[in-house]
Every structure is written in structure tokens, then in C-alpha cells.
Amino acid sequence: MNPIVRNILAVIAGVVIGSAVNMALITVSGSVIPPPEGADVTTTEGLRASMHLFQPKHFIFPFLAHALGTLAGAFVAAAVAASYKMRFAFGIGIYFLAGGIASVFLLPSPTWYTVVDLIGAYLPMAYVAGKLAGRKAKPVPQESMA
């Protein structure tokens, strides 16, 4: 396959897979840790209005969604990329970081969560994904059939 086409597909696959993992975790979060009583978490306006009701435990799944979504997307992008695997992993990390920054402006989260999320969920996970995808498999020794 043409390396340029492969690299373009790497970016698309990374964004799609990372977004799917993110949304899957956000979707199941309410059944694992129920939202606060009276909080409407189905709309951005409802979240904005009820954010003051959230306890630290309610931020676990959003952080996991951001971190694992970035990890999965960056890993896929780096694994599929024909070249510059770490750059593609970081590209996906920066893409999701931009989404995280936008989220900070849309939803008034506590400062501690904003700092932890923006510093810990995106670029470090992209780095880990790039390292994991760039690892070379050790060749299996071939035994002679003599």
C-alpha cells in the first residue's frame, strides 16, 4: 500500500477508534458510578448546571475515557502508520488534547480535574501508545528439523 495512503488511514483509524473508546466509557460510566441526584447528564446545558453537585468519584470515568481513548487511538495510528509512528501517536494525542481544552471551556470542571486531565490524559498516553506500537516483536527461534 502507498505509504501516504497508509498514513492517512492511520490518522482516520486513530481518531475513530479513540473516539469510540472514549464514548463507550462515557456511556457506561453512569451505570458504574451513578450521577448525583438531580443532575441531568444528557445535555451539555444540564451538565453545566449540575457540575457543582459532582464529587471526585464522578470524574474517574471522564478521565479514564480521555486517557484510554487517547491511548487506543494513538496506538492504532502508530501501529498502522507506514513511517514516523511516534509522530502519528502524538498527532492523535494533540487532536484529543484539543478536544479536552475545548471541554474545559464548555463545562466548568474543578481546577484540580482540569489540571490532572489536561496534563495526564493526552500526551502521556500518546507517548505510551507510540512506544508500545513501536516495539519490535522478538523473532521466534526456529528449531531445525534434523
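Met1 sits in the segment before helix H1 (3-32), where helices are DSSP runs of H or I with at least four residues and strands runs of E with at least two, numbered from the N terminus. This is a predicted model, in which local features need pLDDT of at least 70, side-chain atom pairs count only at pLDDT 80 or more, and totals for chains, interfaces and linings use all residues. Residues are numbered from 1 along each chain as its sequence is written, and side-chain values use heavy atoms, with hydrogens and water left out.

Met1 is exposed, at a relative accessible area of 73%; here buried means under 20%, exposed over 50% and partly exposed in between, with a 1.4 Å probe and protein chains only. Together with Ile4, Val5, Ile8, Leu9, Ile12, Val16 and Ile17, Met1 forms a nonpolar surface patch of about 780 Å² accessible area. Such patches comprise residues with over 30% relative accessible area and no salt bridge, nonpolar side chains (Val, Leu, Ile, Met, Phe, Trp, Tyr) being joined within 5 Å and like charges within 9 Å. A salt bridge is a side-chain nitrogen of Lys or Arg within 4 Å of a carboxyl oxygen of Asp or Glu, and areas follow the Shrake-Rupley method with a 1.4 Å probe.

The unreviewed UniProt entry places the feature "transmembrane region" at residues 7-28, 59-81, 88-106 and 112-130; such annotations may be inferred rather than shown by experiment. Residues 7-28 are 100% helix and 0% strand, with end C-alpha atoms 32 Å apart.

Turning to the aromatic rings, the count comes to 6 pairs, with ring centres of Phe, Tyr and Trp (its six-membered ring) within 6.5 Å and planes classed as stacked under 30 degrees, edge-to-face over 60 and tilted otherwise. The Phe59 and Trp112 rings have centres 5.6 Å apart and planes at 80 degrees, so this pair is edge-to-face. Phe59 lies in the loop between helix H2 (44-50) and helix H3 (60-80) and Trp112 in helix H5 (residues 111-120), so the pair ties together parts 53 residues apart in sequence. Trp112 and Tyr113 are also edge-to-face, because their ring centres are 6.0 Å apart and their planes at 85 degrees. Phe59 is buried at 6% relative accessibility, as is Tyr113 at 7%, whereas Trp112 is partly exposed at 43%. Ring pairs link Phe54, Phe59, Trp112 and Tyr113 into a cluster.
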